[in-house]
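Work through the exercises below with the model open. Each task is followed by a solution in steps.

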Amino acid sequence: MAITSSQSGTSVHEVADGIYRINTPVVFANGAGFSFNQYLIASDEPLLFHTGPRRMFPFLREAVASVLPVERLCYIGFSHVESDECGSLNEWLAVAPRAVPLCGTVAALVSIEDMADRSPRALADGERLSLGRHTVRWLDAPHLPHAWECGFLNEETTSTLLCGDLFTQGGADLPPVTESDILGPSEAFRQRMDYFSHTKHAAALLDKLAATRPATLACMHGSAWQGDAAGLLRALAGELSV
Ligand SMILES: [Fe+2]
Ligand SMILES: [Fe+2]
């Protein structure tokens with residue numbers, strides 16, 4: 001793991017072949033720790049999944065530049081429209097002239113065609129996009145855990161599910177990757193701050209994600225996870241149904 005900013009504590013760690021987790025820890029005024037992750041797929045056509053909040057942009061730009069030239073980025077992808085997911089989208093588009101936003105059809109229609117400085121590439125549910133060495137597939141997941149436009153990307157060559165806010169873990173000093181339980185910590189976080197919409201379709205959507213049989217869950221907040229991810233996704237469905 002390489003620290004790329006001593007000021008923000010931002011670090012970079014390769015969690016799967018060519019997939020880098022960029023992590024920035026934060027400690028809030030009340031002492032609670034949290035962290036924000038972006039994932040860089042360093043492929044022939046590089047993709048950054050999640051932009052991070054605008055105030056982190058200088059640190060995240062440095063982190064991406066430690067892996068590849070920022071201007072090589074081709075896609076700036078995100079799960080849904082919130083500041084940590086896509087708040088600095090236009091900043092990234094400004095420094096990466098070839099890049100376009102990458103999102104689901106609802107996000108493109110409702111927000112991004114208007115909010116972004118460049119038109120998005122919108123992916124339909126199940127649609128694949130080749131990045132060269134890697135291939136991503138978009139999976140619509142409306143309202144799971146929140147936002148109508150929500151969806152995830154599955155990177156198929158490494159079986160990495162970029163699962164956004166699912167399995168959000170609190171804390172500012174978690175390891176980059178773990179095989180330990182993350183469902184318990186993420187459920188404890190949800191008890192304190194329930195960020196789920198509780199859509200009645202949650203179980204079916206989690207089953208759709210489980211069907212991709214991920215080897216790595218690239219969580220946006222906390223550690224990435226490796227293990228029987230299909231089982232863990234179905235266990236989350238069980239927790240949500242209680
Ligand atoms: Fe979110
Ligand atoms: Fe998030």
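**Exercise 1: a metal site**

His 146 has a relative accessible area of 15% and is therefore buried. The model is a predicted one.

Task: Determine which residues coordinate the iron ion (ligand 1) and how the donor atoms are arranged.

Solution:
1. The ligands of the iron ion (ligand 1) are His 80 (NE2), Glu 82 (OE), His 146 (NE2) and Asp 165 (OD), at 1.9 to 2.2 Å.
2. The angles between these 4 donor atoms run from 88 to 165°, so the arrangement is irregular. A tetrahedral label would need all angles between 85 and 135 degrees.
3. Along the chain, the donor residues follow the spacing H-x1-E-x63-H-x18-D.
4. Glu 82 sits in the loop between strand E6 (75-77) and helix H2 (83-86), and His 146 in the loop between strand E10 (135-140) and strand E11 (151-155), so this pair ties together parts 64 residues apart in sequence.
5. Glu 82 has a relative accessible area of 34% and is therefore partly exposed.
6. Asp 165 coordinates both the iron ion (ligand 1) and the iron ion (ligand 2), which are 3.8 Å apart.

**Exercise 2: a helix face**

Task: Find which residues of helix H1 (residues 57-65) are buried, and what covers them.

Solution:
1. Phe 57, Phe 59, Leu 60, Ala 63 and Val 64 are the buried residues in H1.
2. Around the axis they span an arc of only 160°, so they lie on the same side of H1.
3. Their cover includes strands E2 (11-16), E3 (19-27), E4 (33-41) and E5 (47-49), together with helix H3 (89-95).

Conventions:
Residues numbered from 1 in each chain as written. Chains lettered and ligands numbered in written order. Predicted model: local features only at pLDDT ≥ 70, side-chain atom pairs only at ≥ 80, totals over all residues. Heavy atoms only, no water. Buried < 20%, exposed > 50% of the residue type's maximum accessible area, 1.4 Å probe, protein only. Helix = DSSP H or I, 4+ residues; strand = E, 2+ residues; numbered from the N terminus. Arc of directions from axis to C-beta. Contact = heavy atoms within 4.5 Å. Donors = N, O, S within 2.8 Å, 3.2 Å for Na, K, Ca; no water. Tetrahedral: all angles 85-135°; square planar, octahedral: opposite > 155°, others 65-115°.
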